[in-house]
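The following paragraphs lead a new reader through one structure.

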Amino acid sequence: MRAARQAERPRLLAVAAACALVFAILAMPARPQDAVLAGMARFPVELALIAGLLAAVPRNSSVMPVLRVIFTGLLGIAILVKCADLGLYASLSRPFNFAYDLPLLHAGWMLASGTSGTFAAVLYLLGGTLALAAVLAKIWWATGVFARLSARRTVPMLAILLIFAAALALTGRASTATSNLLATHVSAARSAQEQIAALEVEARSDDVADDRPLLRGLAGRDVFLVFVESYGRSTLENPLYAAPTKSALAELEQGAERAGMDIRSAYMTAPMVGGQSWLAHGSVLSGLWIDSQGRYRAMLASSRRSLMALASDSGWQSVAIMPAITMAWPEGSYFGYDRILAKDDLGYRGLPFNWVTMPDQYTLSAFERLVLDEPERLPVFAEIALISSHAPWTPIPQLVDWDAIGDGTIFNDQARAGDTPETVWRDRDRVRAQFGLSIDYALRTIASFIERRSQERPAPLIVVLGDHQPATFVSGDEENRDVPVHFIGDRATLDSIESWSFDEGAVPGPGAPVWRMDRFRKRFIDAFDAPAQEETESDEPA
């Protein structure tokens, strides 16, 4: 009797360990805000189902290995889905979607390798793969423990356990959260495919006529559409950032005034937060709401003509300044640029600022040298991506003499300065502080550039806007997706947007208008499609 009891103890310990492992997997949260004891302590009904079914099937049945493979695979998928959800909720405030988020794996790799280096990124990937393999091996072992249970002795107990679990579920103390999560992801993937099909129909019904030259009110004038990475409404409303951001905007306003230009400001709502800047660019330029990778792909395959293509057809040289594009970019052909200047085309020979390939001041200097200073050029319609305010926000560049920038090697000492990303990202307060400094730098760089081009006539129309809010742990706002937008130009040009009721100056007030980004293309064309005032007066009889 004593020997039997002693033999039973290791078996009971194994069963307890197997239950604990499966419990931990099933109770694992899919959102950072759900990582609280009250939510994770609820009994997962799936545990009783898995253990009961494996114990009930005869041990030597040919069905047993199949069941073990199925349960091991499903639990492994649950881990991957929950990890993907945790990562996307933390960075983009939304769950993972199988239909269109797989390309984000490559984007994540580029960010990790650019931030921590390729060797460290490989180690992270290898470590994650080995950890997953180890967990899958443990799950396989746990299913084997359940399979070795005696059906005669355990099935009645497990039946009681299932009844108990059902009773707990009715009182809110049990959960089928993991099953619900997987079902929701399958449903979301199907829904995403339907949304992609709907966008294809929407793209064909364009309300902008492109059979004649557009934007006649801007004829002969340069237009710069400047996207500032992670420049969201939180930079003006979160006390951590509000004062320095408003100070930088005051400098922008003063610089514009010295250049004989005015500013009108408001907000636009981005289709996402935390990342995937290309969705914001696509929404602004296409006039379609591009809030997922699937809709982005559908946009690229559609006949909808982007604002850049329409500008090119209307007499501008359309140019893309893309310092973050480091490899082939076939998507660029959709937008209809006459010229794309990616990272290698901009001539930067300095050191990168971790993931950031070059500081914003160099980007604007290269734009000036390679595009604006070309002799006998067409007016330029440029889309410019400024990326110094992209994570990891260390080191922060400093402005230098524009005439000393050269090939960018002047920034090498700055690129070597400051703490590493690994050091900064151990402390959330440091991360937030560095983010605030990066926005301050970006805005002051734009202000300095505007003053530098103050003698240009006619004065350009410059639209500065954020691409999205930063990650929620930085912004401090889980719901708001607004970004500031500033129109900078001479007074006569800005009179064309008087009906928009934008706030005067560089700081939009809390009651400033808010548009979705997909409304920009149509409203911009409508506002500036009237003939310029000079042309109207010259056509009048003497």
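Predicted model: local features only at pLDDT ≥ 70, side-chain atom pairs only at ≥ 80, totals over all residues.

A disulfide is a covalent bond between the sulfur atoms of two cysteines. Two cysteines may be looked at individually. C19 has a relative accessible area of 24%, so it is partly exposed. C83 is also partly exposed, because its relative accessibility is 41%.

The next topic is helix packing. Two packed helices are described by the angle between their axes and the distance between the axes. Helix α10 spans residues 242–258, and helix α18 spans residues 428–452. Their axes come within 8 Å and cross at roughly 5 degrees. Angles under 35 degrees count as roughly parallel, and α10 is therefore roughly parallel to α18. On the α10 side, the residues that meet α18 are P244, T245, S247, A248, L249, E251, L252, G255, A256 and R258. On the α18 side, their partners are I439, D440, L443, R444, I446, A447, I450 and E451. By class, the contact of α10 with α18 consists of 10 nonpolar, 3 polar and 5 charged residues.

Helix α18 also packs with helix α15, which covers residues 360–372. The axes of α15 and α18 come within 9 Å and cross at roughly 30 degrees, which means that α15 is roughly parallel to α18. The crossing of α15 past α18 is right-handed. From α15, the contact involves D360, Q361, L364, F367, E368 and L372, while α18 contributes Y441, A442, T445, F449 and R452. The residues of the contact of α15 with α18 divide into 6 nonpolar, 2 polar and 3 charged.

One further residue of α18 deserves attention, namely S438. Is S438 buried or exposed? Its relative accessibility is 0%, and S438 therefore counts as buried. Leaving aside residues up to four places away in sequence, S438 touches S388, S389, W393 and I396.

R297 counts as partly exposed, because its relative accessibility is 38%. Along the chain, R297 and E331 are 34 residues apart, and their C-alpha atoms are separated by 9.0 Å.

Key:
Residues numbered from 1 in each chain as written. Heavy atoms only, no water. Buried < 20%, exposed > 50% of the residue type's maximum accessible area, 1.4 Å probe, protein only. Axes fitted to C-alpha atoms, helices over the stretch in contact; angles between N-to-C directions. Helix = DSSP H or I, 4+ residues; strand = E, 2+ residues; numbered from the N terminus. Parallel < 35°, antiparallel > 145°, perpendicular 65-115°, else oblique. Contact = heavy atoms within 4.5 Å. Nonpolar A, V, L, I, M, F, W, Y, C, P; charged D, E, K, R; others polar. Left-handed = near helix turned anticlockwise from the far one by under 90°.
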